[in-house]
Amino acid sequence: MPTDIVVAHLEPYDLARPAWAPWQVWAEDGHVQVRDKATDTVYGIALPPSGLDGLQAAPVSTVPAVRSGDWWRVRLGKERADVLTSWLDRAGEERPPVGAVAVAGDRWAVAVNHPLDADRCRILVGAGTDVQRVLSLDMETARSIAGIAHGVDGDIVIVDNYLHVCRSLSASTGSVRWSFGTPRTPGSDDGYLSSPSECVVAGSRILVASEMTGVVVVLDSAGRQVTALRPEDIPELPKTPTGMVALEKDHVVLTDAHSGLLHVLCRTAQGWRCRRLVTDQQASPVGGLSFPRGLAAHGDTLFVADTAHQRIAALSVTHRRIVDVLQIGGWPRTLAVTRDGLLVADGLGSRLLRVELPAEPGEPVFSGARVSVVDVVDDGRRVALADPHHLVAAGQGALYWLVDSDLDDVLLIDTTGRVRRRWSTSAAGAAYALSDPHQVHVLDDGILVIDTNNNRILWADPLLDEATLVTGGLTRPRFVVPHAEGWLVSDHSGRLSAFTAQWQPKGHYGIRPDGSECRVHLDDPPRGLLAHDGAVYATDWERGLVYRMA
């Protein structure tokens, strides 16, 4: 029976082979190529003819074609890639990342994002080996371009996974011709996208895949929705699609880098149908959660912020599965156990919620739960939360540390929302300004603060009068958790870094699920780590499950 808590092991990162993570996919001269993001290797895939016949036969062979380094070099070809490399080298001190590439005959377009999604995206429009123009897009037009395609009318179609939109842009000016989706508001209903990962033009239709919902929206050339293909109606659609290519107008291949699976989507006389393509690569386990983040525990119950499902999930540690859920809307990111239930931070709604539970909760866990909004108030003025990312009990009375990444702040609040301390107005804040903080960990003599965009971990006393640097040189750290031999830190290096109790580096580790030959590829670090009952629990944001590591 599938489980939502998967037993796993930590293994030295360099010794553990990564599971296959097929991401970008494209076709050239009738041949399909897939980039494995875990090893930066481009594979050739031999697909059966158009249609779904024969897909249940023996596994399709995946043949390593080239170790790419930069996958877009393979996609563009050497001469055009050299042109792009030269431009990127002139773009600044930190080379900006390539978000997406489109090639149509002699024409090509490349989306270049800001490293932290904090400044303008640019699109290089070229033909042959010439860059014809560079479109600089304002941040309300694009913030993080994940997919790009040439439209049938000569425009450029993009999807943005930060703004949750698909847009058609003029190839000469970058102005918006049409837009689909509600900016900054993800969703699965008609008219919404949720972290769209790719777009393709198939005949007169545009297909857009949403990574966080698995929904594939079909648009006409004017950006109007024709239909939406949903996993509940077509079960073999990928759970978290990451790449897509149209081989013909009615024949599309989708990748799911998180599960390690390929899917073929076809339009038939009976409508759209999908099949999973069996390959010779090992898939990764997936669970029933959707982009989970925060963790909290009470006895045998593990509470999980099940973000994309817009709910709190209660998991049984003993049975390793979901036993109850509570829909609260928004994007719950973090939660903390209180005397009478839970405090929950909703990052999408920028609000703090109180969940009152019965004094002796049984099953279902959330029976009789009452949910109310808590206003955070500082010196009589309401604090407008922006992106609350972490909550944790302060270890004294009914006080909690609240971390807001967009406010670059840490607040000590009580259960009524009253602010008792605030980093931004403290002596600690004067010494160390935060940038995109993500967690507070409570110690006997103070707190640790994960200062993500400053690549460091700080210590401060409980009154925030003093602060010192604990360790730096990390790669955008997200979370820290203690264990019997020291500390584990998750960051954007794709590894878990181990430290001694005195913060001396011990090495880097990967997570290998029990029964698997490979470690999972952590393209995005665990958004929650929790030490509970002799084990460390970690949420896998990409695969919808929780790991239990002894």
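Colleague: How many nonpolar, polar and charged residues does the lining of the second largest pocket have?

Modeller: That lining has 13 nonpolar, eleven polar and six charged residues. Ala, Val, Leu, Ile, Met, Phe, Trp, Tyr, Cys and Pro count as nonpolar, Asp, Glu, Lys and Arg as charged, and the others, Gly among them, as polar. The model is predicted, so local features need pLDDT of at least 70 and side-chain atom pairs count only at pLDDT 80 or more, while totals for chains, interfaces and linings use all residues. Residues are numbered from 1 along each chain as its sequence is written, and side-chain values use heavy atoms, with hydrogens and water left out.

Colleague: What volume does the second largest pocket have, and which residues are closest to its centre?

Modeller: The volume is about 460 Å³. Of the 30 lining residues, Met 212, Thr 213, Gly 214, Ser 290 and His 309 are the closest to the centre. A pocket is an open set of points on a 1 Å grid where a 1.4 Å probe fits, with protein on both sides within 12 Å along at least five of seven lines; a lining residue has an atom within 4 Å of a point.

Colleague: Why is the chain called as compact as a globular protein of its length?

Modeller: Its secondary structure comes to three helices and 46 strands (DSSP runs, H or I of at least four residues for helices, E of at least two for strands). The radius of gyration is 24 Å and the globule rule also gives 24 Å for 550 residues, so the chain is as compact as a globular protein of that length. The radius is taken over C-alpha atoms, and the rule is 2.2 Å times the number of residues to the power 0.38. Along the principal axes, the C-alpha atoms fill a box of roughly 65 × 50 × 45 Å.

Colleague: What share of the residues counts as buried, and what area does the chain expose?

Modeller: Of the 550 residues, 55% count as buried. The chain exposes about 22,200 Å² (Shrake-Rupley, 1.4 Å probe), with carbon and sulfur atoms supplying 45% of that area.

Colleague: Why is Ala 8 called buried?

Modeller: Buried means under 20% relative accessible area, exposed over 50%, and partly exposed in between. Ala 8 has 3%, so the label is buried. Ala 8 belongs to strand 1 (residues 5–12). Beyond residues up to four places away in sequence, Ala 8 touches Ile 511, Arg 512, Pro 513, Asp 514, Tyr 547, Arg 548 and Met 549 (contact means heavy atoms within 4.5 Å). Leu 522 is 514 residues from Ala 8 in sequence, at a C-alpha distance of 14 Å.

Colleague: What share of contacts in the chain, at a separation of 6 or more, comes from residues 24 or more positions apart?

Modeller: That share is 45%.

Colleague: Why is Ala 398 called partly exposed?

Modeller: The relative accessibility of Ala 398 is 25%, so this residue counts as partly exposed. Ala 398 sits in the loop between strand 32 (388–393) and strand 33 (399–404). Leaving aside neighbours within four places, Ala 398 is in contact with Arg 339, Ile 413, Asp 414 and Thr 415.

Colleague: What is the phi of Arg 184, and what is that of Gln 310?

Modeller: Phi of Arg 184 is near 65°, a positive value in a residue other than glycine. Gln 310 is not a glycine either, and has a positive phi of about 60°. Arg 184 is in the loop between strand 13 (176–180) and strand 14 (196–202), and Gln 310 is in the loop between strand 23 (301–306) and strand 24 (311–316). With a relative accessible area of 38%, Arg 184 is partly exposed; Gln 310, at 29%, is partly exposed as well.

Key:
Points joined across faces, edges and corners; volume = space filled by probe spheres on them. Buried < 20%, exposed > 50% of the residue type's maximum accessible area, 1.4 Å probe, protein only.
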